[in-house]
Amino acid sequence: MVKQKLTITELALEDRPREKMLSQGIRALSTAELIAILIGSGNRNETAVELSQRILNSADNDLNRLGKYSVSDFISMFYGIGEAKAISIIAALELGRRRKEEGSSEDRPRVVCSNDIFRIFYPLLVDLPYEEFWILLLNTQNRVINKLRISQGGVSATYVDVRLILKPAIEQLASGIVLCHNHPSGSLNPSGEDDRLTERLRYSSELMGIKMLDHLIVCEHAYYSYVDEGKL
């Protein structure tokens with residue numbers, strides 16, 4: 001007589017990931033059990049835990065490698081994984097990556113000069129053939145809370161709405177902000193619109209009790225700082 005396969009709800013209580021977490025704590029769970037909580041259910045042949053272990057095995061139990069899978073990869077490779085479950089796994093892996101990247105507040109980069117800003121944004125902007133506008137949100141110790149791309153434009157300009165900058169700064173309780181954008185043309189000179197935007201943002205941020213610390217224009221091997229040039 002063929003023994004029927006147990007579903008996850010038929011497993012012993014201590015073997016169910018959610019119940020195990022509640023009774024023994026999150027650290028008692030294996031990686032496969034954590035993924036099983038994300039996907040909720042398996043398929044007709046596998047419990048959620050077994051399916052999760054097979055997913056891990058496909059990436060040699062390497063979460064960094066698993067993090068490179070796309071939604072279509074998960075769907076095509078694993079029976080029982082649809083779009084919603086794939087998105088849940090990818091989102092959880094991205095949260096883990098961001099947590100590792102951010103570290104503790106003491107580990108976050110601290111901005112004390114224009115070169116600190118340049119080092120943060122140079123890898124993001126140096127090779128772009130179009131303009132992007134970014135902001136840094138800083139706490140009271142000038143440590144980075146977040147960095148956000150505000151807009152993406154053409155070869156010579158990008159549109160920036162002051163409200164798009166102030167909204168996340170207010171929501172994330174930033175004490176200071178830094179502006180940064182690139183000039184794909186290679187010119188370090190700010191345009192008239194750059195100057196006007198800088199002044200509008202300086203004035204608007206001060207009204208909200210947020211200090212604007214600098215505005216950098218990044219080119220291939222150099223940068224322009226409004227503070228260093230005495231324009232802010």
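1. Surface first. In this predicted model, the chain exposes about 13,700 Å², and carbon and sulfur atoms supply 53% of that area. Of the 232 residues, 37% count as buried.

2. One greasy spot to look at: M21, L22, I26 and L34 make a nonpolar surface patch of about 370 Å². L22 sits in helix α1 (residues 17-24). Its relative accessibility is 72%, and since exposed means over 50%, L22 counts as exposed.

3. On the overall layout, the chain has nine helices and five strands. Reading from the N terminus, the order is α-α-α-α-α-α-α-β-β-α-β-α-β-β. As for contacts with a separation of 6 or more, 56% are between residues 24 or more positions apart.

4. Now the sheet. Its five strands form an open sheet in the order β2-β1-β3-β4-β5, and the pairing is mixed. β2 (144-152) and β5 (223-225) are the edge strands; each has a single partner, so one side of each goes without a neighbour in the sheet. On average, neighbouring strands are turned by 20° against each other, ignoring direction.

5. Take a closer look at β1 (residues 132-138). With β3 (residues 176-182), β1 pairs in the antiparallel sense over six bridges. Within that pairing, F133 has H181 as its bridge partner, and L138 stands opposite G176.

6. Helix α8 (residues 162-171) touches β1, β2 and β3, and its direction makes about 25° with that of β1. Helix α9 (residues 192-207) touches β1, β3 and β4 (211-218), with its direction at about 160° to that of β4.

7. β1 also pairs with β2, again in the antiparallel sense, this time over seven bridges. Here the bridge partner of L138 is V144 in β2. The hairpin of these two strands has five residues between them, and N142 takes a positive phi near 60° there.

8. How many residues of β1 are buried? Seven of the seven, so this strand is largely enclosed by the rest of the structure. In a regular strand, side chains alternate between the two faces of the sheet. In β1, E132, W134, L136 and L138 point one way, while F133, I135 and L137 point the other way, and all are buried. Note that E132 is on that buried list too.

Conventions: Residues are numbered from 1 along each chain as its sequence is written. This is a predicted model: local features need pLDDT of at least 70, side-chain atom pairs count only at pLDDT 80 or more; totals for chains, interfaces and linings use all residues. Side-chain values use heavy atoms; hydrogens and water are left out. Two strands pair if DSSP finds at least two bridges between them. Helices (H or I, at least four residues) and strands (E, at least two) are DSSP runs, numbered from the N terminus. Axes are lines fitted to C-alpha atoms, for helices over the stretch in contact, and angles run from 0 to 180 degrees between N-to-C directions. Contact means heavy atoms within 4.5 Å. Buried means under 20% relative accessible area, exposed over 50%, partly exposed in between (1.4 Å probe, protein chains only). Accessible areas come from the Shrake-Rupley method with a 1.4 Å probe; for residues, only the protein chains shown count as cover. Patches are made of residues with over 30% relative accessible area and no salt bridge: like charges are joined within 9 Å, nonpolar side chains (Val, Leu, Ile, Met, Phe, Trp, Tyr) within 5 Å. A salt bridge is a side-chain nitrogen of Lys or Arg within 4 Å of a carboxyl oxygen of Asp or Glu.
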